[in-house]
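Here are my notes on the model you sent over. I've kept them to the pocket and a few helix pairs.

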Amino acid sequence: MNDLLNVMRRLRGPGGCPWDQEQTHATLRPYLLEEAAEAADAVGHPAELADELGDVLLQVAFHSVIAEEEGTFDYAQVEQNIVDKLIRRHPHVFGDVQVQGSAEVVANWQAIKAAEQGGQPRSAAQRVPAALGALARETKTQKLAGHAKTGREAVEQTLGNADETEEGVAEVLTAVVSWARSLGVDAEVALRARTARTLAALSDKALSNEAHSDGAQ
């Protein structure tokens, strides 16, 4: 990690890379989202995942070096914060709290998070990051709201009654997310996987057409 931080300091320093020198926390935001998404896509492919996690780690180093320059925080603080948080939020491992299962672990986690904020729980908006994909945000929102999971029939009914407007489309997508929850399917992950397969097929088709064109010549 020190090697990575030193590389970033070199890139940001005098005689370094003009592009890297121009970046800020704000300009790097799209890259942080993109690299996290690519790492998620690589799950199931160890070699790719190792590479993509490196790109995520690069974003951590990049933001840490920028903050170091600004005097707001540094990587050591980032690292210490997460170590302290993990220990604090796992009293059943690092303390003497007893739990009977993962449900109690989650309940304790939420209670500890609330205590960290002076006893004030985070608002619903704070608990559902705006940068998440729309389907992922809707899934988390339904869970927070305690919405019941619905079956395929509800999707069909909603589709049949929905207006052909933006709001109507949103109603149908909301019903689809609820249906996915009833099946134990993550709607965001499912659609991302489907899109990836479609893109791969399009790429294969383009390569096939190019090869056919070259052969015809």
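How much space lies in the largest pocket? About 530 Å³, in a model that is predicted: local features need pLDDT of at least 70, side-chain atom pairs count only at pLDDT 80 or more, and totals for chains, interfaces and linings use all residues. Residues are numbered from 1 along each chain as its sequence is written, and side-chain values use heavy atoms, with hydrogens and water left out.

1. The pocket. A pocket here is an open set of points on a 1 Å grid over the protein atoms alone, where a 1.4 Å probe fits, with protein on both sides within 12 Å along at least five of seven lines; lining residues have an atom within 4 Å of a point. There are 21 lining residues, and A36, A37, A40, E188 and R192 sit closest to the centre.

2. Who lines it. At least two lining residues each come from α3 (25-41), α9 (134-145) and α12 (187-216) (helices are DSSP runs of H or I, at least four residues, numbered from the N terminus). The top contributor is α3, with seven residues. By class, the lining holds 13 nonpolar, two polar and six charged residues (Ala, Val, Leu, Ile, Met, Phe, Trp, Tyr, Cys and Pro are nonpolar, Asp, Glu, Lys and Arg charged, the others, Gly among them, polar).

3. α3 against α4. The axis of α3 comes within 8 Å of that of α4 (residues 46-70), crossing at roughly 160° (axes are lines fitted to C-alpha atoms over the stretch in contact, with angles from 0 to 180 degrees between N-to-C directions). That makes the pair roughly antiparallel (over 145 degrees; under 35 is roughly parallel, 65 to 115 roughly perpendicular, the rest oblique). Contacts, meaning heavy atoms within 4.5 Å, involve residues including L28, Y31 and L32 in α3 and L53, V56 and F62 in α4. The contact residues divide into eleven nonpolar, three polar and five charged.

4. α1 against α4. Helix α1 (residues 2-12) packs on α4 at about 55°, axes 9 Å apart, so α1 is oblique to α4. Among the residues in contact are L4, L5 and M8 of α1 and L57, L58 and A61 of α4. Nine are nonpolar, one polar and four charged.

5. α10 against α11. Here the axes of α10 (residues 152-161) and α11 (residues 166-183) come within 9 Å and cross at roughly 175°, so these two are roughly antiparallel. R152, V155, T158 and L159 of α10 meet E171, V172, A175, V176 and W179 of α11.

Conventions. Grid points are joined across faces, edges and corners, and a volume is the space filled by probe spheres set on the points.
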